[in-house]
Amino acid sequence: MQDKVFIFDTTLRDGEQSPGATMTHAEKLDIAQMLDEMGVDIIEAGFPIASEGDFEAVSAIAKNSRNSVICGLSRANFKDIDRCWDAVKHAAQPRIHTFIGTSPLHRAIPNLDKDQMAQRIHDTVTHARNLCDNIQWSPMDATRTEHDYLCRVVEIAIKAGATTINIPDTVGYTAPRESAELIRMLLERVPGADDIIFATHCHNDLGMATANSLAAVEAGARQVECTINGLGERAGNTALEEVVMALKVRNDIMPFRTGVDSTKLTAISRKVATVSGFPVQFNKAIVGKNAFAHESGIHQDGMLKNAETFEIMRPADVGLTETSLVMGKHSGRAALRSKLKDLGFEVADNQLADIFVRFKALADSKKEIYDEDLLALMQDTGTTSDQDALHIKRLRVICGTDGPKEAELTLTVNGEDKTADATGDGPVDAAFNAVNMLVPHSARLALYQVQAITEGTDAQATVTVRLEEDGKIATGHAADMDTVVASARAYVNALNRLILRRQKTAPGHDTKAVSYRDAG
Ligand code: KIV
Ligand code: ZN
């Protein structure tokens, strides 16, 4: 039997901490369930001390977990670790992950010298191990930590009871050869290294995260930390789908197995792209829209004769089915629910009722409905209708080559209809100005993105809008065949989310107090 490489997914922690990728409680639960069902070994569900919301999400994921180990992150202090344990302890298989920055730059932050930090590591890992028998410890910025000191602190963590030692390349600085040499060095030099699992955690700043992770595996690491679509701060983390497929397709030279069902990759990639608001680039390996598209004549000819001419894996291996004409206006609820399940969305009855109404409206105006149309429909959710303070009731826009662009908008604000006329540099600007007249706010438009999701002039446009106010970020999505309507709805969706976040962070309510970057 081949050696197993454990897949540790941190989409809900490292991924979610990337600015703008904030997910709701329900979205986190859905993603955790999908990760659990597809065979991910360990799910890092969040950073429980960060906020009440994070704590609740990690606890709920722990309670609902079936097969996966559920892990929470904590800095190197007793309060963080206790809070983390309180959240993960509900899981059948809980894990505490505690970390501290060990490189010279990171040691300077809590102002600890080498001996003081070594003592802190001993004390915190011992404390964690007294709570839980599955402990992961990370020396943050390991790849820029002096080798002698790294060996010393890894040995201390193992002696104090850590069962997994994670080696993070926090700033995406390392290269594949170094990544392998580091793991080899630790395995050779650290007493007790054979009794624990080494993990690799790479960031993609130089585009080498997957290569670095695989090099570490070849050198002896047996846990890869990664995120769906490579989501994560800056250039992101190692992409889970790339590691899983590389180990599968090149098993001849990398003879390791994972427990992940690769046919579920496409569905979870779409789900994460939808809820995070970070679209997958078209040419992204494994899950990009073009990953299996063969445009050129030579390629198409070769493909028709023998698919292996240009394909190293089959679309079905990653769960990609032929884009199909899925449904029409006569399709019923059961068919819609089953199609959504194929696309990775399990919907509750009340959600289905709402989606079905919007599906029928779309089917009335658009003859052919494809998978992509349904995905766009799913993206167009805002929060949930009963939580939303704002709803667009009517929007008329005047635009063209001459005269001012004007928007006339009726918005329901907390149940009361309000109307405004506004002008702008273009129709979208005019529509946004009309919203601002009715709901004055100081949020900055941090992102406005339009994508046509199917071909043809009746294609739906999906629009993503990100607003930022006092460090709070809210993202809204909407889809419509009319780009201006989609834009206005996405803007209002983002505002609805911002209003909810304001309520949650109002005095007396919980605040997102700390980031894992505030290590110490
Ligand atoms: O990149 C990093 O160093 C991390 C640690 C908290 C493991 O995410
Ligand atoms: Zn990280």
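Select ligand 1 and the residues around it: 12 residues form its surroundings, where near means having a heavy atom within 4 Å of the molecule. The closest are Arg13, Asp14, Thr170, His201 and His203. This is a predicted model, in which local features need pLDDT of at least 70, side-chain atom pairs count only at pLDDT 80 or more, and totals for chains, interfaces and linings use all residues. Residues are numbered from 1 along each chain as its sequence is written, chains are lettered from A and ligands numbered from 1 in written order, and side-chain values use heavy atoms, without hydrogens or water.

Next, show the polar contacts to the ligand (pairs of N or O atoms within 3.5 Å). In the side chain of arginine 13, an N or O atom is 2.9 Å from an oxygen atom of ligand 1. For threonine 170, a polar side-chain atom lies 2.6 Å from a ligand oxygen, and for histidine 203 the distance from a side-chain N or O atom is 3.0 Å. The protein covers 100% of the 260 Å² of accessible area that ligand 1 has on its own (Shrake-Rupley method, 1.4 Å probe). Colour helix 1 (11–15), strand 5 (94–101), strand 6 (135–140) and strand 7 (164–169): these elements each give two or more residues to the shell. Helices (H or I, at least four residues) and strands (E, at least two) are DSSP runs, numbered from the N terminus.

Move to Phe432, Tyr448 and Tyr491, which ring pairs link into a cluster. Rings of Phe, Tyr and Trp (its six-membered ring) pair if their centres lie within 6.5 Å; planes under 30 degrees apart count as stacked, over 60 as edge-to-face and the rest as tilted. The whole structure has 3 aromatic pairs. Phenylalanine 432 and tyrosine 448 have ring centres 5.9 Å apart and planes at 90°, so they are edge-to-face. Phenylalanine 432 is in helix 16 (residues 427–438) and tyrosine 448 in strand 16 (residues 444–452), 16 residues apart. The rings of phenylalanine 432 and tyrosine 491 are stacked, because their centres are 4.1 Å apart and their planes at 10°. Phenylalanine 432 and tyrosine 491 are both buried, whereas tyrosine 448 is partly exposed at 33% relative accessibility. Buried means under 20% relative accessible area, exposed over 50%, partly exposed in between (1.4 Å probe, protein chains only).

Finally, select helix 10 (residues 240–249), where 7 of the 10 residues are buried. Among them are Leu240, Val244 and Leu247.

How values were computed. A polar contact is a pair of N or O atoms within 3.5 Å; within protein, one must be able to donate a hydrogen and the other to accept it, and residues adjacent in sequence count only if both atoms are side-chain atoms.
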